[in-house]
Amino acid sequence: MRILSRSEEIILATVWKLQDEAYGVAINQYINNKTGLNWKFGSIYTPLGRLVEKGLLHTIQGEPSPERGGRRKMYFQLTRAGKQALIDVQKVHSAIWEDMPSLKMG
Amino acid sequence: MANKPTDPWFASRVLSGLIRESIRHGAVGDFSEQYHWIRHKNGRLVAWMWYWFQIVQLIPESFYHQIHWGIVMVRNYFKIAMRNIEKHKYYALINILGLAIGMACCILISLWVIDELHYNRFHEKIDTVYGAVNDQYFEGNKWHINNTPTLLGPALEQDFPEIKATTRYQTHPQALLTFVNKSFFENRIYLVDPSFLQMFSFPLISGDQNTALDNPNSIILTTHMAEKYFAGENPLGKTILLNNETELIVTGVMENVPHNSTLTFHALIPYRLYEDARIRAGHKFHWFSNHPRTFIELHSAQSAEVVNEKIHHYVREKAGDDRAPLFHIVSLKDFRFSPYYGGTGRVNQISVLALIALFILLIACINFMNLSTARSMHRAKEIGLRKVVGASRKNLVLQFLGESLLLAFSALLMAMVLVVVLLPTFNQVFGKNLPLSILKNTFVSPVLFGITLLTGMAGGSYPAILLSSFKPVSTLKGSSVSAFKRKDGRMRKILVVFQFVLSIALIISTLVIYKQTDYIRNANLGYEKEHIVYLPLRSGSRNYYEALKNKLQNDARILNVTGSTHRPSWIGSNSYNAEWDRQEKPNEILIHVGRVDCDYVETMQIELLEGSEFSRSTSQSNKDGFLVNEEMIKLMGGDKGVGSRLKFQGVDGKILGVMKNYHFTPLNKKIPPLALLFRSDRLSNLIVRISAYDIPSSIQILKESWESVVKDYPFEYRFLDSDFDRFYRDEVRIGNIMKSFAILAIFIASLGLFGLASFTAEQRTKEIGIRKILGASVPTVIGLLSKEFTKCIIIANVIAWPVAYFVMNRWLQNYAYRMKLGIWLFVISGVLTLFIALLTVSVQSIKGATANPVDSLRYE
């Protein structure tokens, strides 16, 4: 059983969190704000594309808007497989981090 | 109203190209949204820079992405291509083979042509070396002469500041070279000035380039000569005897002259040797003694024009005589093709060769394209399917072009292998010495690559472009029509016809050339050339002529003995200074002349029409007597005959006998007038007629007689008829060349036909199956399948015959004695071609016709 990679996990989680508002710009902003990482667009979109191709995400067309040069927004949503993947990774995470001796630097 | 702000046009396009398709639309839109937000906040410039920054960061990743998928697709195409080749192994092989043979042939010929164009290029100073030549007029003809006055070279050096150096060279008459016990007659000795070694790039292996020719009694040998006389010993410093009297010291050894040189020699002797000898003999060199060839080296190639102008009247001025010819200069680069240095007709020959190479390549390429497109009909289903599952036109085009290129380059590879393997044989058959290295030195490789590329693309373009435009539905439904019946079938028909026109024309030409050569060689010469042996007597051995003749006449096994000043096969000397009674004007026709001994006519078995020949019984009248031929009588005015007066070559005498015209010049020239005078001592050729039985022992007799009479000259003999074969060597060679080409052309064309035929047969299996069920017999079906091709061949014949007739007629004009162009020649070629074509087609037709109808209709 293949576990999600870190970035894949972060993105999937963000999509889940953002629910109906999950599109490129929003995902990028959320991650950057929440984690302090400064991911560039490229590191968002490549995994997004991969996840779509792997069937963990699917896209939904939104309304066009003038700021987007007349293009539609493309929203992302978890598929069943995507949700399952998140559940799996959460299980694995808890299992590993359970009963961990303290990590404080001392 | 205000302009709606838009994305940077170029940048967004680049971005679109970089992002993968699945999320492209959304991503570009997101970028656009951000862009506008930043632009609103920080201004247009910052936003623009941000946009490009994002792009730059995306590039590495999308780059790998595209490469990755590119590789995946290519692997798939490759797999499909190989599978295709496997499935139709024979077609692919035929395709590649045909193209490979055509390419190989073209490459070999290109080697030849390029080699010719590169003659003399190895001379470092090639840009500044020129030869001095002149034109002389005789009998209304212009003659290209490369002989120059001996005084010219030194004079030019003095008077022309543009000239850096001059050198002269002259071929030494045949000489005997002796070292200890090795003694041979040598033809290729050049007499040269010391500046020769500086002007031309013939480096010395041993000896000093600058001083080797200073001493007049020196000689430089090529390695092959050094081997011949010194067999491994170092020749430097040793003494060679020239003509049993002059001592020459070997002062240098040089590499054998490379094959691509117009100057060919085996040894060099200083010109001074000859000059001094002539001066001692009392000769004064003047401006009309034209022997050596003169070369000049200019300081700069720019002055060539100027020098050409200046030299024009130069000799006339120096000689103070208007009869002296006008001169000009020819660049060393042009020597091989210059009419002044034996290059007449060579340009034509090379052009013809190049043209033939092109033709053959054309046939091969057309074949390839024809076959490829025919085969690709098969793949219509595959293409339909690919389109259905989402292949873009671009993908399809790429796939088919790629396949075609794969085949084309395999053909190129095979062609290279063929060239390497066949080169030695090629060199042998055509008497050349072409090295493979030519391919490396020039632009051949890129050109070859380009041609392969073009052919591959042309072959693949049809399926790629046309087929990929078909609607998937119709291709999936399938169709089975003959290769010729489609719309494009006409194109294919035309190409096949074209190929066969070329092939038929080549066959006809070959037949004609062969017949003409045969005609010449076996034509009645007017005398009997079989069983005549002659012994060339050179320099001192001439003194032994009479003694030898006496010895041989006494032997019963030798039938006739005579002698002459010329080779029996060819009388080249001529003059026009002759007088006879009732001459209307001074003679302007060249009369050929020779001096012969008694019994010449009898030995050569020439037919004597009137009078008698020189013999012992007429010894009184011999010395003022002439033996003339019919042409001479005609020239003198038909009323002359035996007893008529003739003054020629310093003899004022009477005609002794009239000979029937016989060929003493090559048969492509009309027989000229001939007058033979008498001479019985110191002749250059002893001619014997031997009996037809036991030729070896006759030769033995000659040898023994020679050795008992002539002490210090080696025994040499020649058969008259083998002399002949040498004359016509050129014609024979051309015949060989044409033969090879004709065979090649037919082979390739047939190959193409074979492929097309098998394809057609396969396509029509269903049709054939149905016909057989309805009662058609096997021969009927074969006839059906062959009909189209037969029509093509017949059309090809109709076109080829007049063309070939026209061209061959022109060629035959070169020969004064020529064969007739009979109609049956054309018929044979046509029938032969038809036969070969039908044979090719029928193999496939039979296979198709004898197939079990059940099998072909099974999957209906």
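Predicted model: local features only at pLDDT ≥ 70, side-chain atom pairs only at ≥ 80, totals over all residues.
Let's look at one of them. The side chains of Glu297(B) and Lys164(B) meet in a salt bridge, with 3.5 Å from N to O. This pair joins distant parts of the chain: Glu297(B) sits in strand E12 (residues 293-298) of chain B, Lys164(B) sits in strand E3 (residues 163-171) of chain B, and the two are 133 residues apart. As a general idea, side chains of opposite charge can pair when their charged atoms come close.

Now to the place where the two chains meet. How many salt bridges does the rule find across the interface of chain A and chain B? The number there is zero. The contact itself takes 22 residues from chain A and 21 residues from chain B. Between chain A and chain B, an area of about 1,900 Å² is buried, and carbon and sulfur atoms give 58% of that area. On the chain A side, the residues that lose the most area to chain B are Phe41(A), Tyr45(A) and Arg71(A), which together make up 30% of what that side buries.

Next come three helix pairs. Two packed helices are described by the angle between their axes and the distance between the axes. Here are those values.

| Helix pair | Angle | Axes apart |
|---|---|---|
| H4 (residues 89-117) and H13 (residues 393-429) of chain B | about 50 degrees | 7 Å |
| H1 (residues 6-18) and H4 (residues 80-97) of chain A | about 115 degrees | 10 Å |
| H25 (residues 765-773) and H26 (residues 778-812) of chain B | about 145 degrees | 10 Å |

Take H4(B) and H13(B), whose axes make an angle of about 50 degrees; these helices are therefore oblique to each other. H4(B) passes H13(B) in a right-handed crossing. Their contact has 23 nonpolar residues, two polar ones and no charged ones.

In chain A, H1(A) passes H4(A) in a left-handed crossing. H1(A) brings Glu9(A), Leu12(A), Ala13(A) and Trp16(A) to the contact, while H4(A) brings Gly82(A), Lys83(A), Leu86(A) and Val89(A). By class, five of these residues are nonpolar, one is polar and two are charged.

Back in chain B, H25(B) passes H26(B) in a right-handed crossing. Which residues make this contact? From H25(B) come Glu767(B), Ile768(B), Arg771(B) and Lys772(B), and from H26(B) come Val778(B), Val781(B), Leu784(B) and Leu785(B). They divide into five nonpolar, no polar and three charged residues.

Methods: Residues numbered from 1 in each chain as written. Chains lettered and ligands numbered in written order. Heavy atoms only, no water. Axes fitted to C-alpha atoms, helices over the stretch in contact; angles between N-to-C directions. Helix = DSSP H or I, 4+ residues; strand = E, 2+ residues; numbered from the N terminus. Parallel < 35°, antiparallel > 145°, perpendicular 65-115°, else oblique. Left-handed = near helix turned anticlockwise from the far one by under 90°. Nonpolar A, V, L, I, M, F, W, Y, C, P; charged D, E, K, R; others polar. Contact = heavy atoms within 4.5 Å. Buried area = accessible area lost by both parts, 1.4 Å probe. Salt bridge = Lys/Arg side-chain N within 4 Å of Asp/Glu carboxyl O.
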